[in-house]
Amino acid sequence: MITKILGQRIKHLRKNRNLSQEKFALQIDMDRTYFASVESGKRNVSIRNIYKIANGLGVSLEELFRGI
């Protein structure tokens, strides 16, 4: 359940920045299909990759997890 909620949060933040999955994944040096599975909640993402995603979105880990 937490993977789905986190994925939705990441997707929301990415879309607010008008970035496609492909463009964002390239920006943070992550495979697009892997990133898509994170957003869909199908992947138990590592803390290292969560950190990469937060940095790419320009938010702190605290802000990324806010409301979760």
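Biologist: How many salt bridges does a search of the whole structure find?

Modeller: In this predicted model, a search of the whole structure turns up one salt bridge. The side chains of Arg14 and Glu39 meet in it, at 2.6 Å from N to O.

Biologist: Which helices do Arg14 and Glu39 lie in?

Modeller: Arg14 belongs to helix H1 and Glu39 to helix H3, so the pair ties together parts that are 25 residues apart in sequence.

Biologist: Are Arg14 and Glu39 buried or exposed?

Modeller: Both Arg14 and Glu39 are buried.

Biologist: OK, what else is buried in H1?

Modeller: Along with Arg14, the buried residues of H1 are Leu6, Gly7, Arg9, Ile10 and Leu13. Seen down the axis of H1, the buried residues fall within an arc of 160°, so they line one face of the helix.

Biologist: What span should H1 have, and how far apart are its end C-alpha atoms?

Modeller: Helix H1 runs over residues 2-16, and at 1.5 Å a residue its 15 residues should span 21 Å; the end C-alpha atoms are 21 Å apart, which agrees. Just after H1, Asn18 takes a positive phi of about 55°.

Biologist: Back to H3, then: which residues are buried there, and what covers them?

Modeller: Besides Glu39, the buried residues in H3 are Tyr34, Phe35, Ser37 and Val38, and what covers the buried residues of H3 includes H1, H2 and H4. Just after H3, Gly41 takes a positive phi, here of about 80°.

Biologist: Switching to the surface, which residues make the nonpolar patch?

Modeller: Met1, Ile2, Ile5, Ile47, Tyr51, Leu61, Phe65 and Ile68 make a nonpolar surface patch of about 790 Å². The elements that give two or more residues to the nonpolar patch are H1, H4 and H5.

Biologist: Where is Met1 placed, and is Met1 buried or exposed?

Modeller: Met1 sits in the segment before H1, and at 80% relative accessibility Met1 counts as exposed, because the cut-off for exposed is over 50% relative accessible area.

Key. Residues numbered from 1 in each chain as written. Predicted model: local features only at pLDDT ≥ 70, side-chain atom pairs only at ≥ 80, totals over all residues. Heavy atoms only, no water. Helix = DSSP H or I, 4+ residues; strand = E, 2+ residues; numbered from the N terminus. Expected span 1.5 Å × (residues − 1). Buried < 20%, exposed > 50% of the residue type's maximum accessible area, 1.4 Å probe, protein only. Arc of directions from axis to C-beta. Salt bridge = Lys/Arg side-chain N within 4 Å of Asp/Glu carboxyl O. Patch = residues over 30% accessible without salt bridge, like charges linked within 9 Å, V, L, I, M, F, W, Y side chains within 5 Å. Areas by Shrake-Rupley, 256 points an atom, 1.4 Å probe, with all protein chains shown as cover. Contact = heavy atoms within 4.5 Å.
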